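Here's a quick briefing to read alongside the structure. Take a look at the fold, then work through the points below.

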Amino acid sequence: MSKLIWFTSDLRTHDNHSLHKACESDEAVRAVYFFDPRYYQEDRFGFKKTERFRAQFIRESVAQLEQHLKKLNIPLFIYHEQPEQRLPKLVEEHHIDHLFLQKEWTQEEVDIRAAVQQALPDSLTWTEQYDQFLFHPDDIPYSDFSKIPQVFTQFRKKCEKQCTVRTPLPVPESRPQEHWMETRTSIPSLEDLGLSSFEQDPRSAFPFEGGEQAAWDRLREYFWNTKKLAYYKKTRNGLVGKDYSSKFSAWLAQGCISAPAIYQQVKKFEKEVKKNQDTYWLIFELIWRDYFKYVSLKHGNAIFHLGGILEKDYNWADTQAARKEWIDGKTKYDFVNANMREIAKTGFMSNRGRQNVASFWAKELNQDWRVGAAYFESMLIDYDVHSNWGNWMYNAGVGNDPRDRKFNIESQAERYDGDGKYRRLWLQESLEL
C-alpha cells in the first residue's frame, strides 16, 4: 500500500503538514496536483476565474514543487482534469490507502472534495489539516469560530496576548530510492488552459516567479541582503518598484511558503538585526490575513453575498458601461486609471491602489461590489479567496469595518503619488496615442 498527498494551495515541502504526516510511515508516498478546468472557466460575472498571470505563477510553483519532491523520491502526478475523474484511477493503480490534503472550507473547494469523496472507496482514510494560518485554529483563544469578533483589533490583541505561533516543520527526509517512479505527466501550457501567453511588462512591481525556491529567495533578499524589512511600515504604501513591500502575498496564496515560516524569520531578524515598528508591521499584516480566513470560517458563504456578513441592503447598480470604463482605466480619476492599467498589464496592484479602486467602484459608483471582487479574482497573481472577498466586503461597507469609509481619491493620489510618478508610469502610453 502507499500514501497519496493531494496538493492544492500548499505547494511547498517546508512546513507542510500533509507531507510531514504522509512521510511518517515506511510506505511509498505519491503526490498529485490538478489543474482543475473549473478554475479556468468563466464565472457568473463573465470573467475567467484564473487569468494568465496567476496561471503562469501556479505553473511555475507546481514545477518547483515537482523538483523538490523529486529530491525526496516522491513523484508528483500532474493532471488537467477534475479530481473526481482521475483520483479513483490513481488510488486503484497505486494501491493508495491513505489520502492527505489541506483542509478547505469555502464552497467551491468543499463541493469538489465532496465529489471526490463520493467517487473514492469508503475504505480510504482521509487526513485533512488546517495548514494556511499563522495562528492555528486549535490554538486561538475562541471556543469556536462563531466567537470570532467582528472587529479586527479585538481579534489581534487577544491572539497576540494568548497565542503562540507553532514552530515550522522541517522538510522530511528523502524516501528510499526504490520509491521513485516516473509519472509521465506534465504541466499544461497556458494555451492548454485556454489562456494566452505573454511577456512580463518591464514596469511590473511583481517581477517574480512562482515556487517555493523563489519565495525563499525573495525572503533572503528582502530580509537579509537588503534589510528592507527594517523599513517595511514606512514604505508599504508605495506604488512603484518591487521593494516598497515584501510581495510575499502571491507565494502565501499558493502555499509556496507558510506564515509561521515568515514569522520565524521576522523574529530571527529582530534578534540579529533590528526590532522596530516596521518589523512588527509585517507580522501585523500576517494577522490580518489570518483574520479574513477566520471571518470566512465564521460566516461561510455570506462573504460572497451582496449584503456581505452585515446583510446590508444597499441599492447596488450593475452597469456595463461603468464596468468597462473601470476595467479599461478610463474613469474620471487618473489615480484609479493608473492602477487599473497596472492590474490589466501585470496582474498586480499595490494595497493602496486596491483600496482606492475598490472604494471608487463600490462607494462612489455604487456598483455591485462582487463584480469588482470577481475581476480581482480573475486578474490577481496573489488572489486569496478569503483576503480578496474579505477586503472587498470591507471596502464596500458590508464587512468588518464599522466606519463604512469612502476614500477621497484625489486626496489619496496627492498623498501617495504627489509627484505623479506612478500615474505617469502607467498612463504615459495612453497620452502618446
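**Strands and cores at a glance**

Strand S1 (residues 2-7) and strand S2 (residues 28-34) run parallel as a pair, joined over 6 bridges. Keep in mind that this is a predicted model.

**Around strand S1**

- To get from S1 to S2, the chain passes through helix H1 (residues 17-22), making a right-handed β-α-β crossover.
- S1 also pairs with strand S4 (residues 96-102), again in the parallel sense, over 5 bridges.
- In S4, isoleucine 96 is the residue opposite serine 2.
- Because 6 of the 6 residues of S1 are buried, the strand is largely enclosed by the rest of the structure.
- Ser2, Leu4 and Trp6 point one way from S1, while Lys3, Ile5 and Phe7 point the other way.

**Phenylalanine 77**

- You'll find phenylalanine 77 in strand S3 (residues 76-79), and it's buried, with a relative accessible area of 3%.
- Phenylalanine 77 and arginine 30 sit 47 residues apart in sequence, yet their C-alpha atoms are 7.9 Å apart in space.
- Beyond its sequence neighbours within four places, phenylalanine 77 is in contact with several residues, including Ala31, Leu90, His94 and Met181.

**The nonpolar cores**

- The largest nonpolar core has 122 residues, and Phe223, Trp251, Ile262, Trp326 and Trp369 have the most contacts inside it.

Conventions. Residues are numbered from 1 along each chain as its sequence is written. This is a predicted model: local features need pLDDT of at least 70, side-chain atom pairs count only at pLDDT 80 or more; totals for chains, interfaces and linings use all residues. Side-chain values use heavy atoms; hydrogens and water are left out. A nonpolar core is a set of buried Ala, Val, Leu, Ile, Met, Phe, Trp, Tyr and Cys residues joined through side-chain atoms within 4.5 Å. Buried means under 20% relative accessible area, exposed over 50%, partly exposed in between (1.4 Å probe, protein chains only). Helices (H or I, at least four residues) and strands (E, at least two) are DSSP runs, numbered from the N terminus. Contact means heavy atoms within 4.5 Å. Two strands pair if DSSP finds at least two bridges between them. A crossover is right-handed if, with the strands pointing away from the viewer, the path from the first strand over the helix to the second runs clockwise.
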